[in-house]
Amino acid sequence: MPTPPRPEQPDPPGHFHVDRTLCIGSGICAATAPAHFTRDPDGRARSRPDAPPPTPEAEDAASLCPMEAIAFHPTRPPAT
Ligand code: SF4
């Protein structure tokens, strides 16, 4: 019996990653896209693990980062 075709799978949503070795804690990303970025007590940013799929606001945050510390990755990291 032939295998039925598999339905098209959408690309998994990617995520924005903060390189914390570059971050100077300006806070621009968290202010621009608070659903995607948050700040630790030391002021440096990190991606929210529960961030929604990429949005224009997150893209703006990445482009506004003065240290170019935010990069888009096409897949999410495995859950830890
Ligand atoms: S905008 Fe860039 S430098 Fe500023 S807090 Fe976010 S990641 Fe850090």
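Start with the whole chain of this predicted model. Residues 24 or more positions apart account for 60% of its contacts with a separation of 6 or more. Colour by secondary structure: the chain has two helices and four strands. From the N terminus, the elements follow the order β-α-β-β-α-β. Now colour by accessibility. Of the 80 residues in the chain, 30% are buried.

**Stop 1: the core**

Select Phe16, Val18, Cys29, Phe37 and Ile70. Within the largest nonpolar core, which has 13 residues, these five touch the most other members. Next, show β1 (15–18) and α2 (56–64); each supplies at least two residues of this core. The most comes from α2, with three residues. As a rule for soluble globular proteins, nonpolar side chains tend to be buried together.

**Stop 2: valine 18**

Stay with valine 18 and show its contacts. Setting aside neighbours within four places in sequence, valine 18 is in contact with Cys23, Phe37, Ala45, Arg46, Ser47, Ala69 and Ile70. Two of the names in that list, Phe37 and Ile70, are also among the core residues that touch the most other members.

**Stop 3: the ligand**

Select the ligand and display what surrounds it. Which residues surround the ligand? They are Val18, Cys23, Ile24, Gly25, Ser26, Gly27, Ile28, Cys29, Ala45, Cys65, Pro66 and Ile70. Colour this shell by residue class: nine are nonpolar, three are polar and none is charged. Then hide the ligand and look at the space that it takes. That space is the largest cavity.

**Stop 4**

Go to leucine 22, in the loop between β1 and α1. Is leucine 22 buried or partly exposed? Its relative accessibility is 34%, so it counts as partly exposed. Beyond neighbours within four places in sequence, leucine 22 is in contact with Met67, Glu68 and Ala69.

Move on to glutamate 68, one of those contacts. Glutamate 68 lies in the loop between α2 and β4 (70–73). Check its backbone: phi is positive, about 50°, although the residue is not a glycine. At 68% relative accessibility, glutamate 68 counts as exposed, because the cut-off is over 50%.

**Stop 5: histidine 36**

Select histidine 36, in the loop between α1 (28–32) and β2 (37–39). Is histidine 36 buried or exposed? With a relative accessible area of 6%, it is buried, because the cut-off is under 20%. Show its contacts, leaving out neighbours within four places in sequence. Histidine 36 is in contact with Arg46, Ser47, Arg48, Ala51, Pro52, Pro53, Pro54, Thr55 and Ala58.

**Stop 6: proline 54**

Finish on proline 54, one of the contacts of histidine 36. Proline 54 sits in the loop between β3 (45–47) and α2. Its relative accessible area is 30%, so proline 54 is partly exposed. Draw a line from its C-alpha to that of histidine 15: the distance is 6.5 Å, for residues 39 apart in sequence. Not counting residues up to four places away in sequence, proline 54 touches Pro13, Gly14, Phe16, His36 and Phe72. Phe16 leads back to the core, where it is among the residues that touch the most other members.

Terms used:
Residues are numbered from 1 along each chain as its sequence is written. This is a predicted model: local features need pLDDT of at least 70, side-chain atom pairs count only at pLDDT 80 or more; totals for chains, interfaces and linings use all residues. Side-chain values use heavy atoms; hydrogens and water are left out. A nonpolar core is a set of buried Ala, Val, Leu, Ile, Met, Phe, Trp, Tyr and Cys residues joined through side-chain atoms within 4.5 Å. Buried means under 20% relative accessible area, exposed over 50%, partly exposed in between (1.4 Å probe, protein chains only). Contact means heavy atoms within 4.5 Å. A residue is near a molecule or strand if one of its heavy atoms lies within 4 Å of it. On a 1 Å grid over the protein atoms alone, a cavity is a set of points where a 1.4 Å probe fits but cannot get out, and a pocket is an open set with protein on both sides within 12 Å along at least five of seven lines; lining residues have an atom within 4 Å of a point. A molecule sits in a cavity or pocket if more than half of its atoms lie within 2 Å of its grid points. Ala, Val, Leu, Ile, Met, Phe, Trp, Tyr, Cys and Pro count as nonpolar, Asp, Glu, Lys and Arg as charged, and the others, Gly among them, as polar.
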